[in-house]
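Visitor: I am new to this structure. Could you show me how to read its features, step by step?

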Amino acid sequence: MNETEQTPKIAILGAGLIGVAWAALFQHHGADVCVWDPEPDALAATAGRMNAPMAQLFEVAPDAGPRGTLTLCETLAEAVTGADLIQENAPEAIALKHALYADVEPLMAPDAVLASSTSALTWSDLRPGLKDPARLITAHPFNPPHLVPLVEIYGTDPDRIARAEAIYRAADRVPVRLKKDATGHIANRLASALWREAVFMVQDGIADVEAIDAALVNGPGLRWSVLGAHMAYHLGGGTGGMAGYLAHLGPSQERRWAALGAPSLTQDVQDALVAGVMREAAGREVAELETVRDKALIAALRARKDAPQV
Ligand SMILES: NC(=O)c1ccc[n+]([C@@H]2O[C@H](COP(=O)([O-])OP(=O)(O)OC[C@H]3O[C@@H](n4cnc5c(N)ncnc54)[C@H](O)[C@@H]3O)[C@@H](O)[C@H]2O)c1
């Protein structure tokens with residue numbers, strides 16, 4: 001946070017997996033953070049659960065400047081009053097979010113932004129909870145939000161979107177705007193399309209779970225961390241770029257699309273997926289796998305600071 005800028009106040013509603021990570025991120029980057037959760041145990045556990053992400057943030061962004069304050073709020077009003085950005089991370093249940101917004105709206109400052117972390121509800125799904133829907137944006141992070149920089153944004157008020165983007169950028173995030181409200185935003189649509197084919201390949205017996213994951217991580221996944229799906233094919237066209245690629249391999253691409261499958265999550269397919277990831281995990285518990293993932297993500301984020309992005 002630049003010293004000449006006013007310190008933003010951020011309200012974090014819901015202190016689960018995502019809320020705790022947001023709280024750590026914003027506090028690390030100098031914002032004053034107020035956390036509220038209706039479950040007293042979740043609220044009480046918040047500061048302790050922030051220790052690990054705070055330590056990781058110190059590795060990723062050691063020069064972020066002085067931390068902001070952290071306040072654990074026993075009431076919704078305490079958290080929301082005076083907040084510039086209210087980041088909602090309540091469970092993914094539409095009625096619950098509507099009821100929460102009905103409580104939040106009378107408490108929030110007139111020009112504050114109510115930002116939902118929702119994974120797969122749309123802005124249109126969420127707006128019936130509000131008298132003034134312009135106050136709402138969807139601002140979807142990618143797990144773990146304190147490490148993965150993406151925030152996907154949709155809303156209808158350009159001023160609020162711009163103010164929210166400035167807050168996310170100050171916290172070292174990369175906001176990306178949707179032009180149209182869409183289920184799964186951008187990244188979860190891409191991830192879902194890819195996983196649909198990954199599951200189909202298991203169902204169809206093309207390859208095992210471990211082989212598919214190894215192919216992804218050691219092939220396109222590596223390339224996609226430095227350039228996007230479209231730009232990859234611009235480079236795939238050589239000196240002819242995207243136009244050359246489409247002329248040369250466009251018909252082949254259409255044949256490949258036609259060969260893609262539509263799996264169903266039958267019991268057999270589910271059993272094969274579970275058995276496959278258990279083989280891949282090789283006895284490691286989820287917490288241990290998360291630690292390995294975070295260590296690798298931190299190393300990749302540090303490397304990206306020195307590497308130009310295409
Ligand atoms: N888990 C992910 O990978 C992921 C990624 C991106 C976005 N999201 C989205 O973030 C949101 C939260 O997901 P999560 O994984 O952190 O869930 P979670 O279950 O870990 O946490 C939800 C928290 O909300 C609290 N809560 C319950 N009722 C509430 C209410 N009325 N108001 C406020 N808080 C309430 C719970 O006590 C809990 O602490 C969801 O909308 C989800 O779609 C999740």
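**A buried pair**

Guide: Both glutamate 105 and arginine 135 are buried. Keep in mind that this is a predicted model.

Visitor: How buried is glutamate 105, and where does it lie?

Guide: Burial is read from relative accessible area, and under 20% counts as buried. Glutamate 105 has 9%, so it is buried. It lies in the loop between α4 and β5 (113–116).

Visitor: What does the side chain of glutamate 105 reach?

Guide: It reaches the backbone nitrogen of aspartate 132, at 2.8 Å.

**Salt bridges**

Visitor: Which residue does glutamate 165 meet in a salt bridge?

Guide: Arginine 177, with 2.8 Å from N to O. Glutamate 165 belongs to helix α6 (residues 158–170) and arginine 177 to strand β8, so this pair ties together parts 12 residues apart in sequence.

Visitor: Which parts of the chain does the pair of arginine 279 and glutamate 210 link?

Guide: Start with the contact. The two form a salt bridge, and their closest N and O atoms are 2.7 Å apart. The pair links distant parts of the chain: arginine 279 is in helix α12 (residues 267–281) and glutamate 210 in helix α8 (residues 209–218), 69 residues apart. Arginine 279 counts as partly exposed, at 46% relative accessibility. Glutamate 210 is partly exposed too, with 25%.

Visitor: Which residues do salt bridges with shared partners join into one network?

Guide: Glu88, Glu92 and Lys97.

**The ligand**

Visitor: How many residues surround the ligand?

Guide: Count residues with a heavy atom within 4 Å of the molecule. There are 23, and the closest are Ile18, Asp37, Glu92, Lys97 and Ser119. By type, the shell divides into 11 nonpolar, 8 polar and 4 charged residues.

Visitor: Where are oxygen atoms of the ligand 3.0 Å, 2.6 Å or 2.7 Å from the protein?

Guide: Take them in turn. A polar backbone atom of leucine 17 is 3.0 Å from a ligand oxygen. For aspartate 37, a polar side-chain atom lies 2.6 Å from a ligand oxygen. For serine 119, an N or O atom in the side chain is 2.7 Å from one. Now the cover: taken alone the ligand exposes 830 Å², and the protein buries 75% of that.

Visitor: Which elements give two or more residues to the shell around the ligand?

Guide: They are α1 (17–28), α4 (94–104) and β6 (136–141). The largest share, 3 residues, comes from α4.

**A surface patch**

Visitor: Which residues form a nonpolar patch on the surface?

Guide: Val174, Val176, Ile186 and Leu190, with about 310 Å² of accessible area together. Valine 174 lies in strand β8 (residues 174–177). It is partly exposed, with a relative accessible area of 43%.

Terms used: Residues are numbered from 1 along each chain as its sequence is written. This is a predicted model: local features need pLDDT of at least 70, side-chain atom pairs count only at pLDDT 80 or more; totals for chains, interfaces and linings use all residues. Side-chain values use heavy atoms; hydrogens and water are left out. Patches are made of residues with over 30% relative accessible area and no salt bridge: like charges are joined within 9 Å, nonpolar side chains (Val, Leu, Ile, Met, Phe, Trp, Tyr) within 5 Å. Accessible areas come from the Shrake-Rupley method with a 1.4 Å probe; for residues, only the protein chains shown count as cover. A salt bridge is a side-chain nitrogen of Lys or Arg within 4 Å of a carboxyl oxygen of Asp or Glu. Helices (H or I, at least four residues) and strands (E, at least two) are DSSP runs, numbered from the N terminus. Buried means under 20% relative accessible area, exposed over 50%, partly exposed in between (1.4 Å probe, protein chains only). A polar contact is a pair of N or O atoms within 3.5 Å; within protein, one must be able to donate a hydrogen and the other to accept it, and residues adjacent in sequence count only if both atoms are side-chain atoms. Ala, Val, Leu, Ile, Met, Phe, Trp, Tyr, Cys and Pro count as nonpolar, Asp, Glu, Lys and Arg as charged, and the others, Gly among them, as polar.
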